[in-house]
Structure formats: structure tokens, C-alpha cells
Amino acid sequence: MDPQKKEKEEEKRRCQLYNINRGTKGVFVVHISLLVYIFHITAMRLLLSVPLSVCEAHGAVKRLLHSDLYNTFFTCDPKGSHLGSGGGTSWLLERCYQSERNDSMTTEDDDDFEGWLLREQRTIIHSGGQSRRLPSYGPCGKLLLPVPVFRWSRGQTCDQTLLDLQMPLYEEVMRRAPSHLRTLVSCGDVLILLNQPLPPAPEDADVVCYAVREEVDRLRNHGVFFLSHEAPDELDMMLQKPSIREIHEYTATRRCVMDIGLWLLSDRAVRVLRTRSMAGNRTKCS
């Protein structure tokens with residue numbers, strides 16, 4: 001067979017095989033149905049403050065604490081003490097930092113705390129309280145509280161916990177956060193369900209707190225942020241479980257919203273918190 005004729009026959013066969021149509025000027029137009037799989041790969045670190053009993057049953061609860069999905073670290077408050085949110089955050093960060101240094105055998109010059117903060121995003125969840133309102137979940141912490149499957153929901157499981165339901169929210173907050181806000185602090189006894197997109201976090205803030213508007217009767221059982229009318233995006237003051245009288249007194253000249261236990265911290269804010277926590281600890285010890 002003539003070589004040119006053979007080449008044309010071969011080209012025709014290829015066009016039929018791959019459904020390729022010859023366009024003008026010798027350009028091949030290929031029609032392909034492309035199925036794209038999008039995998040969510042997270043670089044977020046998960047730091048959990050849990051009751052002592054959970055730490056002692058380390059191996060049994062690793063699966064429940066998402067150790068296979070996230071780079072998870074968990075510990076409890078020092079024995080005989082109950083740290084607050086600020087001190088507990090500093091303690092958890094310090095324990096995680098020291099644990100990584102011991103595992104990697106790095107020296108002080110190789111990896112300081114500030115350099116460690118720059119590595120990745122992290123979510124801190126506090127769930128080491130006494131659970132006085134739900135004493136049956138005190139040993140495991142309310143973070144591992146079982147939650148029934150929501151009716152008509154998708155993607156939920158029969159063995160899901162409160163942590164399972166909150167992780168998508170934490171991931172969304174960190175995905176939208178500015179690059180300098182690398183640390184998210186949350187409480188492990190709240191279920192937040194979004195019915196609207198998250199508002200954008202300000203680019204120039206060191207601490208960003210999420211809040212919702214609520215009635216006064218509900219505010220008295222939670223943390224309350226008070227905002228001035230002149231600068232409604234800036235925190236003027238905060239009270240923890242204020243009385244109704246206090247709320248009415250301060251709202252005469254301010255707006256008030258309820259803290260939902262979701263705070264974003266910059267590296268600078270974390271350093272200040274760590275310094276003050278350590279200074280307070282040294283003062284207490286002396």
C-alpha cells in the first residue's frame with residue numbers, strides 16, 4: 001500500500017477510535033468527559049485538652065480523637081489543678097511543642113517555639129472540664145459525647161461524636177482565616193450549626209472572636225462581648241456570665257453579643273499569652 005494512503009487510513013482509524021474531529025487548519029478538537037476527584041488535604045494540627053482518664057486510656061481513644069485523620073496531640077491539665085482557658089491553651093501548646101522536640105531530638109537553636117508556631121495551622125479544643133451538667137460524660141469529656149444522626153442528613157455515622165460534627169466547621173474557619181491567624185481555640189462542649197456563610201476575618205487583627213446575638217436571658221449564662229456603637233467591629237469589654245442588671249447597665253451605651261467559644265489567635269497573640277501564663281506560674285510558685 002502507498003505510504004501516504006496508509007498514513008491517511010491510520011489517521012482515520014485513530015480519529016474514529018478516540019472520537020476526534022478534525023477542525024479547520026488541521027486543529028484537532030477533542031471532546032472528553034473528564035471526571036475530577038477533589039481530595040481535601042488538611043495540614044491542620046489538632047490539639048485536645050481532655051480529662052485525665054482519657055490520657056490514661058491513650059490507645060483506646062486514639063480512633064475517637066481522629067488520630068488517624070489529623071496530626072493529633074492530646075493531654076490533660078496537671079494533676080491536682082484545673083487551668084482556665086488561657087492557662088490551658090498555653091499548657092497544651094507547651095506540652096505539644098516539648099513532645100515534638102523530644103521526638104525529633106532537636107536542639108534549642110534548631111527549632112524554637114516561634115519557629116514551631118510558623119509551621120502549620122492548629123486547632124485547640126478544650127474538653128477537660130468536670131462536666132457538672134452532664135456528669136456521665138465527665139470521664140471522657142463532652143468532646144466524645146455521642147450524637148444521634150440528624151434526620152435527613154448526609155455523611156453522618158451511627159457512632160459519631162460531638163467532635164465529628166464540629167470538625168468541618170473548624171476546617172472551614174481555618175480555611176478562610178488570614179495567613180497570620182494560625183491558631184484556633186474552641187471549647188469542646190458546644191455544637192455550632194451554620195445557616196449562613198462565615199463572615200471574613202479582619203486582616204489586621206491579632207485576636208478574632210466569633211459571636212451571635214441572643215436574648216438577655218441567655219446571655220447571663222455565657223461569655224458576653226460588649227461593643228461600642230462607634231466601632232462595632234472592635235471589642236470594648238467582656239464579662240463572663242454577667243447578671244441581667246450588669247447587662248442592662250452596659251448595654252445602655254454598648255451593643256452586646258454572645259461568645260460562642262471560637263477564637264482565632266495570631267502568632268503574636270500566642271506569644272503574649274504564653275509569656276503572661278509563664279510569668280503568672282512563676283509568681284504563683286514563688
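## Contacts around Gln-160

Contact here means heavy atoms within 4.5 Å. The model is predicted. Leaving aside neighbours within four places in sequence, Gln-160 is in contact with Leu-145, Pro-146, Val-147, Pro-148, Val-149, Phe-150 and Leu-165. Gln-160 lies in the loop between β5 (122–126) and α6 (162–176).

Is Gln-160 buried or exposed? Gln-160 is buried, at a relative accessible area of 2%. A polar atom of the Gln-160 side chain lies 3.0 Å from the backbone oxygen of Pro-148. Pro-148 is also among the contacts of Gln-160 listed above.

## Confidence

The chain averages a pLDDT of 76. Of the residues, 71% score at least 70. Among the elements of the chain, strand β6 (residues 183–187) has the highest mean pLDDT, 93. Strand β2 (residues 28–30) has the lowest, 27.

Over residues 13–42, pLDDT stays under 50. The model has 16 contacts beyond four places in sequence for this stretch. Where pLDDT is low, the predicted coordinates should not be read in detail.

## Gln-166 in helix α6

Gln-166 has its place in helix α6. With 2% relative accessibility, Gln-166 counts as buried. Not counting residues up to four places away in sequence, Gln-166 touches Val-190, Leu-191 and Ile-192. Leu-193 is 27 residues from Gln-166 in sequence. In space, the two are 8.5 Å apart, C-alpha to C-alpha.

## Leu-184 in strand β6

Leu-184 lies in strand β6, the element with the highest mean pLDDT. Its relative accessible area is 0%, so Leu-184 is buried. Beyond four places in sequence, which residues is Leu-184 in contact with? They are Arg-122, Thr-123, Ile-124, Tyr-170, Val-173, Met-174, Leu-262, Trp-263 and Leu-264.

The C-alpha atoms of Leu-184 and Gln-121 are separated by 8.1 Å. Along the chain, these two residues are 63 residues apart.

## Nonpolar cores

The largest nonpolar core holds 30 residues. Which of them touch the most other members? They are Val-173, Tyr-210, Leu-262 and Leu-264. At least two residues of this core come from each of β3 (45–49), α2 (52–56), α6, β7 (207–212) and β10. Helix α6 gives the largest share, six residues. In soluble globular proteins, nonpolar side chains tend to be buried together.

Leu-262 has contacts beyond its neighbours within four places in sequence. They are Leu-169, Tyr-170, Val-173, Leu-184, Val-185, Ser-186, Ile-192, Val-208, Cys-209 and Tyr-210.

## Aromatic pairs

How many aromatic pairs does a search of the whole structure find? The search finds five. Tyr-97 and Trp-116 form a tilted pair, 5.6 Å centre to centre, with 55° between the planes. Tyr-97 lies in helix α4 (residues 85–104) and Trp-116 in helix α5 (residues 113–117), so this pair ties together parts 19 residues apart in sequence. Tyr-97 is buried, at a relative accessible area of 3%. Trp-116 is buried too, at 2%.

Phe-225 and Trp-263 have ring centres 6.0 Å apart and planes at 55°, so this pair is tilted. Phe-225 is in strand β8 (residues 223–228) and Trp-263 in strand β10 (residues 254–265), so the pair ties together parts 38 residues apart in sequence. Phe-225 counts as buried, at 4% relative accessibility. Trp-263 is partly exposed, with a relative accessible area of 25%. Why the two labels? Buried means under 20%, so the 4% of Phe-225 falls below that cut-off.

## A ring cluster and two arginines

Ring pairs link Tyr-97, Phe-113 and Trp-116 into a cluster. Two of these rings have an arginine over them. The charged end of Arg-122 sits over the ring of Trp-116, 5.3 Å from its centre. Arg-274 lies over the face of Phe-113, at 3.9 Å from the ring centre.

Trp-116 is buried. Arg-122 is among the contacts of Leu-184.

How values were computed: Residues numbered from 1 in each chain as written. Predicted model: local features only at pLDDT ≥ 70, side-chain atom pairs only at ≥ 80, totals over all residues. Heavy atoms only, no water. Helix = DSSP H or I, 4+ residues; strand = E, 2+ residues; numbered from the N terminus. Buried < 20%, exposed > 50% of the residue type's maximum accessible area, 1.4 Å probe, protein only. Polar contact = N/O pair within 3.5 Å; in protein donor to acceptor, adjacent residues only side chain to side chain. Phe/Tyr/Trp six-rings, centres within 6.5 Å; stacked < 30°, edge-to-face > 60°. Lys NZ or Arg CZ within 6 Å of the ring centre and 35° of its normal. pLDDT = per-residue confidence, 0-100. Core = buried A, V, L, I, M, F, W, Y, C linked by side-chain atoms within 4.5 Å.
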